[in-house]
Amino acid sequence: TSSGHAPAIGDKKIDRSGGEAKTRTGSKPKNEDSDRKRTKPVWWTKEEHAKFLEGLQRFGGEGDSLGPARAELISMFIGTRSVLQVRSHAQKYFDRAKRERK
């Protein structure tokens, strides 16, 4: 809206295509991942996992967690995995390491 505030739930959106205006429902905004269908899991290769471990060492970090910025660096370093895939792999890796320390 032109008043400088975000539209509230139920506010009308302006439809510039000439069609009927749509009402906001309060649901989360769509992002590019919401349209993707789940694909069959692809196992990490030994080479990808080795680069993952090297990335963990190279890009530092504290404890058994992997923040988005560090995950992005590791993703770019690996070159074949997305940030989400790196974060998921890290979570499983850290969980497994924690179990083995007990």
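Buried means under 20% relative accessible area, exposed means over 50%, and partly exposed lies in between (1.4 Å probe, protein chains only). This is a predicted model: local features need pLDDT of at least 70, side-chain atom pairs count only at pLDDT 80 or more, and totals for chains, interfaces and linings use all residues. Residues are numbered from 1 along each chain as its sequence is written, and side-chain values use heavy atoms, with hydrogens and water left out.

**View 1. Arg 81 sits in a loop.** The loop runs between α2 (68–78) and α3 (83–101); helices are DSSP runs of H or I, at least four residues, numbered from the N terminus. Arg 81 is buried because its relative accessibility is 8%. Leaving out residues up to four places away in sequence, Arg 81 touches Val 42, Trp 43, Trp 44, Glu 48, Ser 75 and Val 86 (contact: heavy atoms within 4.5 Å).

**View 2. Arg 81 pairs with Glu 48.** Their side chains form a salt bridge at 3.0 Å, N to O (a side-chain nitrogen of Lys or Arg within 4 Å of a carboxyl oxygen of Asp or Glu). The pair links distant parts of the chain, 33 residues apart: Glu 48 lies in helix α1 (residues 46–58), Arg 81 in the loop between α2 and α3. Glu 48 is buried too, at 12%.

**View 3. Arg 58 pairs with Glu 54.** The structure holds two salt bridges. In this one, the side chains of Arg 58 and Glu 54 meet at 3.1 Å, N to O. About one helical turn separates them, because they are four residues apart in helix α1. Arg 58 is exposed at 52%, while Glu 54 is partly exposed at 35%.

Key:
Helices (H or I, at least four residues) and strands (E, at least two) are DSSP runs, numbered from the N terminus.
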